[in-house]
Amino acid sequence: MKLDDRTLPSGYRVTTENPRVQRATRGKMMKFNFGTAIHRVVRLDLADGVFEKDSTELRPQWRSRIDLLITELQKEGSILRLSYLAENEDEDDVDDRLDAIEDLISARWEDLDCCYKLVIEKEVFWRKGSPSAGREFKE
């Protein structure tokens, strides 16, 4: 049995094994219990202006902010959510940028050898609804 974690209230995460396996006997009722807990979610909002033009490199004024983020994450167990607001970028470029930030933060986190395993979630919001919405296609 697998618990669909999308049905949990915002901020809650499963703390027990998922899926959970039990042997069923015909005609007998089974009960599954899953543990959940509320987690602190730290959100890092990103957009095209944070990066060098056509690059996955952060602009100099934003590089020091990663250190502040790491300091905040050390305060207590958290989930980091990388949120990207995209507009005119290619979908692949957005994915590359999110991957680069995830790699940067993960590497710094590993160097700290801190107190918990950092979970990083990524989400993309398209200002125009989707990567191709509002674009003209050339034949």
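Me: How do strands S3 and S4 pair, and over how many bridges?
Reply: S3 (residues 40-47) and S4 (residues 78-86) pair in the parallel sense, over eight bridges. Pairing here requires at least two bridges found by DSSP between the strands. Strands (E, at least two residues) and helices (H or I, at least four) are DSSP runs, numbered from the N terminus. The model is predicted: local features need pLDDT of at least 70, side-chain atom pairs count only at pLDDT 80 or more, and totals for chains, interfaces and linings use all residues. Residues are numbered from 1 along each chain as its sequence is written, and side-chain values use heavy atoms, with hydrogens and water left out.

Me: Which residue in S4 is the bridge partner of Val41?
Reply: Ile79. From S3 the chain crosses through helix H1 (residues 60-75) to S4, a right-handed β-α-β crossover. Right-handed means that, with the strands pointing away from the viewer, the path from the first strand over the helix to the second runs clockwise.

Me: And the sheet, what's the strand order?
Reply: S3-S4-S5, an open sheet of three strands with parallel pairing. S3 and S5 stand at the edges with a single partner strand each, so one side of each has no neighbour in the sheet. The twist averages 20 degrees from one strand to the next. Axes are lines fitted to C-alpha atoms, for helices over the stretch in contact, and angles run from 0 to 180 degrees between N-to-C directions.

Me: Where does H2 lie?
Reply: Across S3, S4 and S5, at about 155 degrees to S5. H1 lies across S3 and S4, at about 165 degrees to S3. Contact means heavy atoms within 4.5 Å.

Me: Switching to charges. How many salt bridges are there?
Reply: A search of the whole structure gives 13. The cut-off is a side-chain nitrogen of Lys or Arg within 4 Å of a carboxyl oxygen of Asp or Glu. One of them joins Glu72 and Lys75, with the closest N and O atoms 3.1 Å apart.

Me: Where do Glu72 and Lys75 sit?
Reply: In helix H1, three residues apart, so about one helical turn separates them. Lys75 is exposed at 58% relative accessibility. Glu72 is partly exposed at 28%. Buried is under 20%, exposed over 50%, partly exposed in between (1.4 Å probe, protein chains only).

Me: What about Glu102 and Lys122?
Reply: They form a salt bridge too, closest N and O atoms 2.9 Å apart. Glu102 is in H2 (residues 91-112) and Lys122 in S5 (residues 119-126), 20 residues apart.
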